[in-house]
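Please read each point with the model open beside the text.

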Amino acid sequence: MNEPEFNHDLAEGRPPLRLGILLSGRGSNFLAIADSIRTGRLPGVEIALVISNVADAPGLTAAKDLGLPAALYVSKGRPRAEHDADVLGCLKEHHVDLICLAGYMRLLSPGLVAAFPNRIVNIHPSLLPAFPGLEAQEQAFAYGVKIAGCTVHFVDDELDHGAIILQRAISVLESDDAHSLAERILHEEHIAYTEALRMVASGQYEIRGRRYVKRNQGR
Ligand code: GRF
């Protein structure tokens, strides 16, 4: 059984949990997290750093516009381990506690995963273990599922695989197409990521095997 390694509940006078956001694109999940922090729905958490691996990622511009520390490490054409070593250095420099993948379209190197054991969180737009990988919403729609959704999970060495923190499900409607389904899943993602980060930031959990288990607070 792995004990959680942090409890950053501000109510207990602990320092805020410092997030390092990794993104590659539009950054709507990042912005949802930033908004939750700004509006007090995610207490005890702050964004220490936003990193993009894509130069023209709108999420990177949005981070700069918000006045957040933001860095670009272009990954295209670079060996994974070398690129991730630079990313890791930057995360450490900014004293990041927890990495949040928010539309980061690049596999992490084993070295980076090992440097943040159960301290990397990802959001995936399907109910894992169904439809890992790219275009999960389209995969689910084409498969004909009646229930779809999203998953927030810890990251391990396998793609879209680590212990699940939270899932949110929606019904697939007769009127849906792949696009409308993806839109409705994205709405759930924005809710799910904040909720999952609140759960992680509480520190009140254990990871038993693959299972995220809330700790009995009365113990
Ligand atoms: C989301 O659907 C997320 O689940 C997936 O990539 C997409 C990123 O969207 N991993 P955004 O950049 O957060 O808007």
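Predicted model: local features only at pLDDT ≥ 70, side-chain atom pairs only at ≥ 80, totals over all residues.

1. C150 is buried, its relative accessible area being 0%, where buried stands for under 20% relative accessible area, exposed for over 50% and partly exposed for what falls in between, with a 1.4 Å probe and protein chains only. C100 likewise counts as buried, at 0% relative accessibility. A search of the whole structure finds zero disulfides, a disulfide being a pair of cysteine sulfur atoms within 2.5 Å. For C100, the nearest cysteine sulfur is that of C150, 14 Å away, and for C150 the nearest is that of C100, at 14 Å.

2. Residues are numbered from 1 along each chain as its sequence is written, and side-chain values use heavy atoms, with hydrogens and water left out.

3. The largest pocket has a volume of about 1,000 Å³. On a 1 Å grid over the protein atoms alone, a pocket is an open set of points where a 1.4 Å probe fits, with protein on both sides within 12 Å along at least five of seven lines, and lining residues have an atom within 4 Å of a point. Grid points are joined across faces, edges and corners, and the volume is the space filled by probe spheres set on the points.

4. Which residues lie nearest the centre of the largest pocket? They are G103, Y104, M105, I123 and P125, out of 39 residues that line this pocket. The elements that give two or more residues to the lining are α1 (28-38), α4 (110-115), β5 (120-124), α5 (136-143) and α6 (178-202), helices being DSSP runs of H or I with at least four residues and strands runs of E with at least two, numbered from the N terminus. The largest share of the lining, six residues, comes from α6.

5. By class, the lining of the largest pocket has 17 nonpolar, 12 polar and 10 charged residues; here Ala, Val, Leu, Ile, Met, Phe, Trp, Tyr, Cys and Pro count as nonpolar, Asp, Glu, Lys and Arg as charged, and the others, Gly among them, as polar. Because domain 1 (7-116) and domain 2 (122-214) both give residues to the lining, the pocket lies between them; the domain bounds come from an automatic or database domain assignment.

6. Most residues other than glycine have a negative phi, and most peptide bonds are trans.

7. H95, in the loop between α3 (80-93) and β4 (98-101), has a positive phi near 55 degrees without being a glycine. Is H95 buried or exposed? H95 is exposed, with a relative accessible area of 56%.

8. N53 has its place in the loop between β2 (45-52) and α2 (58-65) and counts as buried, at 6% relative accessibility. The side chains of N53 and S75 are joined by a polar contact of 3.0 Å, that is, a pair of N or O atoms within 3.5 Å in which, within protein, one must be able to donate a hydrogen and the other to accept it, residues adjacent in sequence counting only if both atoms are side-chain atoms.

9. H124, found in strand β5 and buried at 4% relative accessibility, is 36 residues from D160 in sequence and 7.2 Å from it in space. H83, placed in helix α3 and buried at 0%, is separated by 30 Å from L166, 83 residues apart along the chain. The C-alpha atoms of L127 and K214, 87 residues apart along the chain, are separated by 20 Å.
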